[in-house]
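This briefing covers charged pairs, aromatic pairs and one backbone angle. Keep the structure open while reading.

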Amino acid sequence: MPHTADSSYRSANNSSRGGRRSSTMGGMPLNDLPWWRWRARIRSALHMLSDPSFQHHAWLTGQDGYGDVTDAVYRLVEDTWLDRWSAEKYVGTIVRDATEAAAVDAAVLRVLQVLHQVGADARAAAYLGHPLWPEAVRAAREAHVLLAGNDGEDPDAPPRTLEVLRIMTRAA
């Protein structure tokens, strides 16, 4: 997936993209985010990708504070490279077990399938109107419910804004 933060309709304040990359380890760029921040970002993305009501209310209307579909996909795969390898690599850190890894992988694969067909910076309507989108939403929902439940949180609570996500993932 192209990782471009450039978009004519996305403002810098409306995106979770950012941060800096440090050097590499085994060819993978290191990021300053510890595993619990990665999990929070993945959960945030899965939450938004799994909620059709939220998507219509926030993404189709361009509501500030939640980013867009591409931004959610970016949070899902960018720091972890889940668009390149399995979440199984992160069992014991970002994901608790093989069940969570399989659910995250299924969601990533379905969401990326739609992204590759509509384009990385397509408008929300292109994603939401795609014939494979309901399957991507279903897979994201399964992963979201599993991860939220395992973290003791209500999977049916509304998605948090990106500002709340930033506050939650600040360094202690």
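Arg75 is buried in this predicted model, with a relative accessible area of 2%. Its salt-bridge partner is Asp71, with N and O 2.6 Å apart. Asp71 is buried as well, at 0% relative accessibility. Both residues lie in helix α3 (residues 69-77). They are four residues apart there, so about one helical turn separates them.

**Salt bridges**

- The whole structure contains 14 salt bridges.
- Glu153 and Arg43 form one through their side chains, at 3.0 Å from N to O.
- That pair links distant parts of the chain, 110 residues apart.
- Glu153 sits in the loop between α6 (133-150) and α7 (162-168), while Arg43 belongs to helix α1 (residues 35-49).
- Glu153 is partly exposed, because its value of 30% falls between 20% and 50%.
- Arg96 bridges to Glu100, and the closest N and O atoms are 3.7 Å apart. This pair counts as a salt bridge because the cut-off is 4 Å.
- Arg96 is partly exposed, with a relative accessible area of 45%.
- Glu100 is buried, at 0% relative accessibility.
- Which residues do salt bridges with shared partners join into one network? They are Arg39, Arg43, Arg96, Glu100, Asp151, Glu153 and Arg160.
- The Glu153 and Arg43 pair and the Arg96 and Glu100 pair therefore belong to one network, as their four residues are listed in it.

**Aromatic pairs**

- Five aromatic pairs are present in the structure.
- The ring centres of Trp38 and Tyr90 are 5.7 Å apart, and their planes stand at 80°. The pair is edge-to-face because that angle is over 60 degrees.
- Trp38 lies in helix α1, and Tyr90 in the loop between α3 and α4 (98-118). The pair links distant parts of the chain, 52 residues apart.
- Trp38 and Tyr90 are both buried.
- Phe54 and Tyr66 have ring centres 5.1 Å apart and planes at 70°, so this pair is edge-to-face too.
- Phe54 is in helix α2 (residues 52-59), and Tyr66 is in the loop between α2 and α3. They are 12 residues apart, and the pair links distant parts of the chain.
- Phe54 and Tyr66 are both buried.

**Charges over rings**

- Which ring does the charged end of Arg84 sit over? The ring is that of Trp81, with the charged end 5.3 Å from its centre.
- Lys89 places its charged end over the ring of Trp85, 4.7 Å from the ring centre.

- Trp81 is found in the loop between α3 and α4.
- Trp81 counts as buried, because its relative accessibility of 17% is under the 20% cut-off.
- Phi of Trp81 is near 60°. This is a positive value in a residue other than glycine.
- Most residues other than glycine have a negative phi.

How values were computed. Residues numbered from 1 in each chain as written. Heavy atoms only, no water. Helix = DSSP H or I, 4+ residues; strand = E, 2+ residues; numbered from the N terminus. Buried < 20%, exposed > 50% of the residue type's maximum accessible area, 1.4 Å probe, protein only. Phe/Tyr/Trp six-rings, centres within 6.5 Å; stacked < 30°, edge-to-face > 60°. Lys NZ or Arg CZ within 6 Å of the ring centre and 35° of its normal.
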